[in-house]
Amino acid sequence: MDTKKISVQVVGEITFIEEPQDKTTTRGSQIKLKCKAEGDKGSPIKATIKYKWKYNKKDIELNDSIVWSEGAHSLFFLGTQVGQSGIYECIAYIDQPSYAEKRSQAEVVIKGPPEAPNKVDIDGDCSAFSAKLQWHITANNYEPIKYFIIQMATSFETVWRNTTEHVAPTRDEKIITNLSPWTQYRFRVLAINKIGTSAPSDPTIFEDCVTPQKPPTKCPKIQAIPGKEDQLTVKWEEIDLIDRNGENFTYVLEYSSTEPTFSATKTFEPYELEFEVPNAGYYRPWTFKIQGKNRIGGGPFCDGKSYSGQNAPAIAPAGLYAKELGATYFVLEWNPISLDRGSVDGYKLKYNQVQVSQSSKSRRSISANECDEKNPCQVDISGGKNNIRLDGLKPYTRYSVAIRGYNSGGLGPLSSIAVSTDHGKPGRMDNVTSTPYAKFIKLEWSEPSRPNGLITGYNVSIDQDAQPRYAVLDGAARKYVFAGLMPEKDYVMYIQAKTKAGFGVRRRVMDTTKSPQGRYSICA
């Protein structure tokens, strides 16, 4: 008998050091599954452990989005997708000298927005100006659906708009009401969960939802615009296509007057949106009514009224004067224009600086209107007013003011006056210098760049041994000497200008009397 010898080498049991763990994440994230094993450390044979993976019991296909790293002992998911959810099994094995393996598995759940609802359909037609919409609920992708949104588009406006929001997640039908007449509709449905919004469903087709015609339910807003004598233009807003509610759409305008009595009706095409009233007359009263009309009938009326055109006012406002004035404002008043026939719709006023009174061009206030002869300021005043207050002006400044009436016929003649604002308090002293000596300090200055009036004097003072010393000087003064001081001592001086309105901002100056080694000064 022949005998065969079989040699068996035992490498020991494979043991997992790290096993894959269950994972739950959201679409687009990155995750990894760890898998690391070792052989029996007591075995005399050191075998190389290899790894392979299965996904839902099938060999996994590694690609750019699922990568196995031998060094990291990890299966990496780069940008997870809902479709990658399932059972992943790691198989650690050796194939020499004999095959042996050990397995460990984990469940991966990748949540995402729901799948788009499907089989969206309209039950019946839309002849009653409503649509019963039905759909099938699809996969929620591991996160419950919170609600559905229904969107619609029309044959007049193809942009999708929400028509119903927050339909309960258990619903698979919805009745859409208040559809416009003479319109084709289509609908689509979206599902929303905590993760996001699904893609829209396939839409229904226009032919499945067509509403019948009805008379218009909206009227075109109308206005009448007078011009000069015998001119009157009537304009109206266009009714949108979706609101015309039927074919053969037109506008019907009825217009009439009582001086003398006259009435007429005129029909306009959908693109015609204005009308010149013939023989409108001079400041003649007119009334208007307009409606939209289609093959089924006419809609509601919008109405308006106006006087026809007129000539511009022939006279200027009389009695223009400054009723009240201050340093930065004045109040103007005038006699209203009175016309035998016609109206004054309002007044147009303009004003600008003529010069800055009795001073150089540098005299100005802070935060004042820059209204000069090249760029005058203008104000439109309603017809019922005969006074106005102008604020933000420059103190001690002369202004030219002109006013005229206007109406639909144009601008009337000007009435003008000159007004000067009152004195204001001076601004801060800009150019102040100090010169110290051993026992006195000389303070010198120039007039403030913003005097805001006629400078009538200066107030200077010095803090000496906690006992302030003051001097009041006239407006022509440009220097002052503080005498009787101690050598090598710090002093604080103050100076401020004065106008009729009072003292302005005080300027602080610091200096030190002269020492044998020299002197220094600080001007703040």
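How many aromatic pairs does the structure hold? The structure holds 23 aromatic pairs, where rings of Phe, Tyr and Trp (its six-membered ring) pair if their centres lie within 6.5 Å, and planes under 30 degrees apart count as stacked, over 60 as edge-to-face and the rest as tilted. This is a predicted model, in which local features need pLDDT of at least 70 and side-chain atom pairs count only at pLDDT 80 or more, while totals for chains, interfaces and linings use all residues. Residues are numbered from 1 along each chain as its sequence is written, and side-chain values use heavy atoms, with hydrogens and water left out.

**Aromatic pairs of tryptophan 236**

- Tryptophan 236 and tyrosine 251 form a tilted pair, with 6.1 Å from centre to centre and 55 degrees between the planes.
- Because tryptophan 236 lies in strand β18 (residues 232–236) and tyrosine 251 in strand β19 (residues 250–258), this pair ties together parts that are 15 residues apart in sequence; strands (E, at least two residues) are DSSP runs, numbered from the N terminus.
- Tryptophan 236 and tyrosine 251 are both buried, a term that means under 20% relative accessible area (1.4 Å probe, protein chains only).
- Tryptophan 236 also forms a tilted pair with phenylalanine 268, at 5.0 Å centre to centre and 55 degrees between the planes.
- Phenylalanine 268 lies in strand β20 (residues 261–268) and tryptophan 236 in β18, so their pair ties together parts that are 32 residues apart in sequence.
- Phenylalanine 268 is buried, as is tryptophan 236.
- Ring pairs link these residues into a cluster whose members are Trp236, Phe249, Tyr251, Tyr255, Phe262, Phe268, Phe275 and Trp286.

**Charges over rings**

- Lysine 52 lies over the face of tyrosine 93, at 5.1 Å from the ring centre; a charge sits over a ring if NZ of Lys or CZ of Arg is within 6 Å of the ring centre and within 35 degrees of the ring normal.
- Over the ring of tyrosine 494 sits the charged end of arginine 506, 3.8 Å from the ring's centre.

**Strand β29 and its partners**

- Strand β29 (residues 397–407) is mostly covered, with eight of its eleven residues buried.
- β29 runs antiparallel to strand β31 (residues 415–420), and six bridges join the two; strands pair if DSSP finds at least two bridges between them.
- Opposite valine 401 stands isoleucine 417 in β31.
- Two bridges pair β29 with strand β30 (residues 410–411) in the antiparallel sense.
- Asparagine 407 has glycine 410, in β30, as its bridge partner.
- The hairpin that joins β29 to β30 passes through two residues.

How values were computed
Helices (H or I, at least four residues) and strands (E, at least two) are DSSP runs, numbered from the N terminus. Buried means under 20% relative accessible area, exposed over 50%, partly exposed in between (1.4 Å probe, protein chains only).
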